[in-house]
Protein chains: 2
Amino acid sequence: MSQDFQNVRRRFITQWGALGSQWGINRTMAMIHALLLVAERELSTDEVMEELNISRGNANTNLRDLIDWGLVQRMVRPGERREYFAAEKDVWKIFCMVARERKRRETEPAQKVLEACIRDTEMDDSPQAREFRRELTALSDFVSLANTVMEKVAAAEQSRVLPRILKVL
Amino acid sequence: MSQDFQNVRRRFITQWGALGSQWGINRTMAMIHALLLVAERELSTDEVMEELNISRGNANTNLRDLIDWGLVQRMVRPGERREYFAAEKDVWKIFCMVARERKRRETEPAQKVLEACIRDTEMDDSPQAREFRRELTALSDFVSLANTVMEKVAAAEQSRVLPRILKVL
DNA sequence: CCGAACTTTCAGGAAACTTCGAAACTCGAT
DNA sequence: ATCGAGTTTCGAAGTTTCCTGAAAGTTCGG
């Protein structure tokens with residue numbers, strides 16, 4: 001296999017890893033994802049460790065996290081003990097997974113904080129408290145609306161939704 | 001002013017800060033943002049420092065970053081040397097700012113990496129290289145499309161866009 | 001052009017997060 | 001039961017990111 005190609009491949013993996021950290025995803029996780037994305041077949045933990053020069057513990061933890069995100073699947077080969085891992089390659093599905101995860105980790109907790117603070121000042125009808133509630137309610141309503149949009153987008157089919165939205169805008 | 005209310009207010013600020021770190025935004029920045037969001041008037045650097053118990057350097061840096069994001073504005077009071085800061089309170093504008101920033105920091109660099117890798121394997125027509133290119137192109141096309149959608153959404157008016165999208169879905 | 005008021009920068013320490021490696025655990029075959 | 005291939009957990013070490021406090025820079029009135 002061409003040396004150049006192997007280099008580009010490796011560069012892709014490391015750069016994707018670097019990007020990951022910009023995103024708040026840890027570097028190893030992003031690298032494993034990139035590796036599996038461009039792998040021609042499923043890989044075992046040991047292969048991942050070897051390609052990326054990482055420890056077993058690290059490989060194991062991050063593979064599990066990727067599985068939790070729904071971005072990677074465990075593959076069992078009949079008659080073999082060892083587990084193999086394969087990345088989801090359908091871009092739209094990846095997008096849905098990431099959206100779902102972000103919703104879970106970002107918007108839902110925010111929603112909860114907002115609602116709790118609104119509830120806890122409900123009794124207080126001083127002008128300050130009213131204004132505070134007003135602000136927080138505006139935020140909360142917006143987050144809900146955005147959430148609903150995300151949910152519907154994620155539930156729909158790629159080919160239909162995006163072009164249609166583009167048309168509306 | 002009611003003690004309870006002050007407590008909720010403080011809790012909101014710290015919790016919003018904690019959320020921020022989940023999002024890859026640093027805690028102080030998120031806290032300053034929350035503080036200014038629920039402040040009844042613009043605040044000076046010293047007031048921010050005092051409320052949040054942070055150093056001058058920290059306050060200054062994070063205020064600057066918030067200004068770069070477009071989430072906070074410098075206010076000058078005529079006849080006063082000191083600068084005051086006020087948060088953007090329109091939720092839709094906040095959303096647009098955050099979207100713009102995420103695009104700049106997340107999708108644009110990703111796009112560049114993908115394009116570079118595609119270009120660098122263009123000459124290679126081995127099956128592996130072709131497949132690699134195919135994967136990366138799918139990703140790249142998708143990211144572009146998503147970007148276009150984001151841009152248009154951000155350029156539009158809140159009241160019109162979201163309800164309209166909801167209808168289409 | 002000086003000094004006071006205010007803002008910005010930066011080196012180094014503190015805190016948070018990531019990674020390693022080894023020990024503990026699981027599970028199926030014998 | 002025991003072995004061994006394979007997986008998971010966890011404390012310590014390493015790395016990155018954040019925060020502080022002090023020093024340097026800027027700007028305005030006089």
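This is a predicted model: local features need pLDDT of at least 70, side-chain atom pairs count only at pLDDT 80 or more; totals for chains, interfaces and linings use all residues.
Visitor: Into which domains is chain A divided?

Guide: Domain bounds come from an automatic or database assignment. Here domain 1 of chain A covers 3-87 and domain 2 of chain A covers 91-168. Their centres, taken over C-alpha atoms, are 31 Å apart. Seven residues from domain 1 of chain A and seven residues from domain 2 of chain A make the contact.

Visitor: How do I read the area buried between domain 1 of chain A and domain 2 of chain A?

Guide: Buried area is the accessible area that two parts lose on being put together, summed over both. For these two domains of chain A the figure is about 610 Å², and carbon and sulfur atoms give 65% of that. On the side of domain 1 of chain A, 71% of the area buried against domain 2 of chain A is supplied by A:Trp23, A:Trp69 and A:Leu71, more than by any other three residues.

Visitor: How many salt bridges and polar contacts are there between domain 1 of chain A and domain 2 of chain A?

Guide: The count of salt bridges between them is zero. The side of domain 1 of chain A that touches domain 2 of chain A has four nonpolar, two polar and one charged residues.

Visitor: Now the two chains. How many residues of chain A are in contact with chain B?

Guide: Chain A has 52 residues in contact with 52 residues of chain B. The buried area between the chains is about 5100 Å², with 78% of it from carbon and sulfur atoms. Within chain A, the residues that lose the most area to chain B are A:Phe5, A:Phe142 and A:Leu169, which together make up 12% of what that side buries.

Visitor: Which salt bridges and polar contacts does the interface of chain A and chain B hold?

Guide: A salt bridge here needs a side-chain nitrogen of Lys or Arg within 4 Å of a carboxyl oxygen of Asp or Glu. By that rule there are six salt bridges across the interface of chain A and chain B. One pairs A:Asp120 with B:Arg11, at 2.7 Å from N to O. Six residue pairs are in polar contact between chain A and chain B, counting pairs with both at pLDDT 80 or more.

Visitor: Which elements of chain A give two or more residues to the side that touches chain B?

Guide: They are helix H1 (3-22), helix H5 (91-120), helix H6 (127-155) and helix H7 (158-168) of chain A. By class, the side of chain A that touches chain B has 33 nonpolar, seven polar and 12 charged residues.

Visitor: Which atoms lie beside a phosphate oxygen of DNA strand C?

Guide: A polar side-chain atom of A:Asn26 lies 3.3 Å from a phosphate oxygen. In A:Ser55 it is a backbone N or O atom, at 2.8 Å. For B:Asn60, an N or O atom in the side chain is 2.4 Å from a phosphate oxygen. Helix H4 (56-69) of chain A and helix H4 (56-69) of chain B each give two or more residues to the surface near DNA strand C. H4(B) gives the most, four residues. By class, this surface has one nonpolar, eight polar and seven charged residues.

Conventions:
Residues are numbered from 1 along each chain as its sequence is written. Chains are lettered from A and ligands numbered from 1 in the order in which they are written. Side-chain values use heavy atoms; hydrogens and water are left out. Contact means heavy atoms within 4.5 Å. Buried area is the accessible area (1.4 Å probe) that two parts lose on being put together, summed over both. Ala, Val, Leu, Ile, Met, Phe, Trp, Tyr, Cys and Pro count as nonpolar, Asp, Glu, Lys and Arg as charged, and the others, Gly among them, as polar. A polar contact is a pair of N or O atoms within 3.5 Å; within protein, one must be able to donate a hydrogen and the other to accept it, and residues adjacent in sequence count only if both atoms are side-chain atoms.
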